[in-house]
Amino acid sequence: MLYLLICLPGFVFQFIPYMQKYKIQKIPEGFDSQWRCFKLLMFNHFFIQAPLIFAIHIYTMVFDIGYDYQSMPTWYSLLLQLYACLILEDTWHYFLHRALHHKSVYKHVHKVHHNFQAPFGMVAECVHPVETVVLGVGFFIGPLLFCTHLILLWTWVGVRLLEVIDVHSGYNLKWNPLHLLPFYGGAEYHDFHHMNFHGNYAPTFTWWDRICGTHVPYQEHKKNKLANKQN
């Protein structure tokens with residue numbers, strides 16, 4: 001339910017003419033593609049993610065993870081833990097995402113996600129079930145290392161959903177508060193990956209693409225776009 005609520009603003013934007021100036025690719029979402037995405041999304045949520053969430057519930061019981069007010073971490077400790085979770089997930093996602101683009105597996109797994117060349121919010125988790133598991137592992141690394149209270153799990157779920165839906169939203173909103181995060185890529189950054197199929201593999205931050213040189217096609221695209229505007 002939280003996932004769909006976060007997707008809702010982007011869904012509504014398609015019906016508001018004013019918002020179209022913020023749309024990165026001027027390609028309509030289309031009812032057929034949205035319905036196809038929704039069906040796959042529901043399958044992944046109920047048959048793949050739900051068992052994983054239940055496993056996390058068992059984990060909190062076995063390791064006696066706190067949920068009372070007295071044992072809650074301080075707000076600054078929680079922010080540091082959340083940022084660390086984002087860094088770890090981003091690292092896992094970058095390298096596994098690049099691996100899924102290898103020609104031996106791309107057409108069997110990751111191509112499902114790239115059927116949506118102009119992404120919209122729901123596309124964030126509209127992936128092959130195998131990809132849901134492979135990339136989903138990164139989500140659990142931070143909580144397994146840092147979690148001493150359920151508040152981290154709850155807030156981490158919210159933060160991660162906000163981030164992944166934002167970068168797939170298809171709208172580049174300059175006043176988006178997520179842009180306050182240092183090195184945050186955002187919707188325009190990830191939208192290029194869907195449009196070009198290569199480069200900009202990191203889901204959240206830009207440093208792994210810069211370190212590994214996979215940001216170069218995006219930089220060339222921006223230069224060409226700027227040159228075309230000036231001409």
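A polar contact here is a pair of N or O atoms within 3.5 Å; within protein, one must be able to donate a hydrogen and the other to accept it, and residues adjacent in sequence count only if both atoms are side-chain atoms. With that in hand, look at Q25: a polar atom of its side chain lies 3.0 Å from the backbone oxygen of Q117.

Some ground rules come next. This is a predicted model, where local features need pLDDT of at least 70, side-chain atom pairs count only at pLDDT 80 or more, and totals for chains, interfaces and linings use all residues. Residues are numbered from 1 along each chain as its sequence is written, and side-chain values use heavy atoms, with hydrogens and water left out.

**The whole chain**

The protein has 9 helices and 0 strands (DSSP runs numbered from the N terminus, with H or I of at least four residues for helices and E of at least two for strands). Its radius of gyration is 18 Å, close to the 17 Å that the globule rule gives for 231 residues, so the protein is as compact as a globular protein of that length. That radius is taken over C-alpha atoms, and the rule is 2.2 Å times the number of residues to the power 0.38. Along the principal axes, the C-alpha atoms fill a box of roughly 60 × 40 × 35 Å.

Of the 231 residues, 45% count as buried (under 20% relative accessible area, with exposed meaning over 50% and partly exposed in between, for a 1.4 Å probe and protein chains only). Contact means heavy atoms within 4.5 Å. Among contacts between residues at least 6 apart in sequence, 69% join residues at least 24 apart.

| Residue | Relative accessibility | Class |
|---|---|---|
| S169 | 13% | buried |
| M122 | 12% | buried |
| Q25 | 8% | buried |
| D64 | 66% | exposed |
| F197 | 26% | partly exposed |

Back to Q25, which sits in the loop between α1 (2-13) and α2 (31-62). Setting aside neighbours within four places in sequence, Q25 is in contact with Q117, A118, P119, D191 and M195.

S169 belongs to the loop between α6 (150-167) and α7 (187-196). What does the side chain of S169 reach at 2.8 Å? That's the backbone oxygen of D166. The S169 side chain also reaches the backbone nitrogen of Y171, at 3.2 Å. Not counting residues up to four places away in sequence, S169 touches P119, F120, G121 and A187.

M122 is in the loop between α4 (111-114) and α5 (129-146). Leaving out neighbours within four places in sequence, its contacts are Y3, L4, C7, Q34, C37, F38 and L41. M122 and T214, on the other hand, are 92 residues apart in sequence and 25 Å apart in space, C-alpha to C-alpha.

**Two positive phi angles**

D64 lies in the loop between α2 and α3 (75-100). Its phi is near 55°, a positive value in a residue other than glycine. F197 is in the loop between α7 and α8 (207-212), and although F197 is not a glycine, its phi is positive at about 75°.
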